Each structure stands twice: as C-alpha cells, then as structure tokens.
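Let's take a friendly walk through this structure together. Have your viewer ready, and we will go stop by stop.

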Amino acid sequence: MSGRRSRSKQSSVSSITDDQITDLVSKLQHLIPELRRRRFDKVSTSKVLQETCNYIRSLHREVEDLSDRLSQLLASTDSDSDQAAIIRSLLMQ
Amino acid sequence: MHLPHSTLKQEFVKKWIMGLQRCKFSNKNMSIFERKKAIKLSADTAMASARKGLTCWSRALISTPDRSAVPTTTRRASLACKKIVKRSRRIRRTAKCGAARKRQITRSVAQCLVRKRTQILKSLIPGGEFMNEVCLIEETLDYITSLRVQVDVMRSLASASVRASEPHN
C-alpha cells in the first residue's frame, strides 16, 4: 500500500519534495556518528535510515542502563542532603 | 525550532529535577525496580516537556509515556526485506537479464529497503506511525538531539552520585 502511495506522490508532486528529502537525509547523515566520517561520500538513503535506527536503539539502551545505575546509586544515598548536593552540582554545570 | 544543546540541556535539567522531587525519592519503601521506572519516566517526561509542545514526538511521548517492547512488525519487516533481497540476487544470477533489467532490479531493491527501514524508524519515534516522510525525518532529527541531551545529563548525574558517595578525605 505504501508503494502505491509513493508512486502516486511522485507523479503528482514536483521534484521539490525530492530535494527536501535529500536535504533532510543529508542532515541526518551529519548527525549520526557512524556516518559523520563519511561526510564527503554519498551514502545511500537506506544506509542512512539503517544507521539512524541503530543509533536511536543504542541511545534507548543507554537511557535504560543509566536509569538502572541511577536507581542503585540514589538508593544508596541515605540522606536527603546528599541528594540535594548532587542535584545542586548538576545545576551548576 | 532547533535549539542549541546548552539551552535544551538547561530546560531538561529544570524539568527533570521538578519531576524527581515529585516522585518523593526519599521513600525508602520503593524497590529498585520501581525507582528505576520512576527515574526513566521522569527523564522521558522532562525530555518531552523541554520541547514545549513544539514537536509531534514530544506530544506523543507525554500522552503515552510507557513505550514497552519493540513491536513484532519490526522483525517481520526485516525478515520480509531479507527475502526480497535474496530473491533479487537469485534473479540477477540467472544472467539472461540485460544491464537495464539489472538496474531496474537494483532500484527496486533499494526502494524496498528504504520502505522497510522507514517503517522501522516509524516504530522507534514516538507518534511516528502517523507521520509522512518529510515530517518523520524532521522529527527524527529533533528526537535524536533531545535523546543525546537526556543521555548527557543522566551520565553527569550518575558520575556526580558516584563522587558524592565516595568517602570524604
């Protein structure tokens, strides 16, 4: 179904949309660390999408791991004043 | 619409601290698992609300904060795609095709890959299923920037906590 949709889009919409997409995909390429080194090569759209998905998944995993670590670390700080000091140091950055 | 990293970071820290305080962290009866869920929920809510309703993903995340396992359509999509790529390789090997036909096959394989990977990306971005291609990529750019801020701040808090728990000399 999406194939039909994209085919009809190409016939009715001008190439401005194609350029827009190319521009956005190159912005995505610059954002992803895996692909930043290949800045001057032409990377295929499907490769950019693949690396984007991998990158987002790895960021999600990192948030999960950090939540785990923080739940253990904050459990071990007994007093509220310790926690307040930690949060204050965060604010000072 | 794209904020610099430092501004986004300040917004996130502000909102996250508010959220953490509301969780009543000093409640000793919380299990580690409950604590972890509270931390993640407050971090996700802070990340989304730091965008102040300007992006689709942030509004979607606030309305459905508990995004559990990756849907099975992801795996199905990648398996289907692998089948199509294998089939096209088999076609290419039966070398009766001319150069034009080979180019056509390569193009359709590429289009298939883009379609399948777009589907996977839609499942990763909050609210992605409802976006067109242009919106999806714009939202992805913003979502990645916000995720990085979230990871940055959480990492700083973790190392600050480790330093605070070290015995004072």
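In which helix of chain B does Arg89(B) lie? Arg89(B) belongs to helix α4, which covers residues 72-93 of chain B. Do keep in mind as you look around that this is a predicted model.

Together with Lys82(B), Lys83(B), Lys86(B), Arg87(B) and Arg90(B), Arg89(B) forms a positive surface patch. The relative accessibility of Arg89(B) is 47%, so this residue counts as partly exposed.

Next, turn to the cysteines. How many disulfides does the structure hold over all chains? The count is zero. Cys56(B) and Cys135(B) show you the reasoning. From the sulfur of Cys56(B), the closest cysteine sulfur is the one in Cys135(B), 4.4 Å away, which is too far for a bond. Starting from Cys135(B) instead, the closest cysteine sulfur is in Cys56(B), again at 4.4 Å. The cut-off for a disulfide is 2.5 Å between the sulfur atoms. As for its surface, Cys56(B) is partly exposed, with a relative accessible area of 29%.

Our last stop is a backbone detail. Lys52(B) sits in the loop that connects α2 (32-49) with α3 (56-63) in chain B. Although Lys52(B) is not a glycine, its phi is positive, at about 55°. Is Lys52(B) buried or exposed? With a relative accessible area of 55%, Lys52(B) is exposed.

Key. Residues numbered from 1 in each chain as written. Chains lettered and ligands numbered in written order. Predicted model: local features only at pLDDT ≥ 70, side-chain atom pairs only at ≥ 80, totals over all residues. Heavy atoms only, no water. Patch = residues over 30% accessible without salt bridge, like charges linked within 9 Å, V, L, I, M, F, W, Y side chains within 5 Å. Areas by Shrake-Rupley, 256 points an atom, 1.4 Å probe, with all protein chains shown as cover. Salt bridge = Lys/Arg side-chain N within 4 Å of Asp/Glu carboxyl O. Lys, Arg positive; Asp, Glu negative; His and termini not counted. Charge placed at Lys NZ, Arg CZ, Asp CG, Glu CD. Helix = DSSP H or I, 4+ residues; strand = E, 2+ residues; numbered from the N terminus. Buried < 20%, exposed > 50% of the residue type's maximum accessible area, 1.4 Å probe, protein only.
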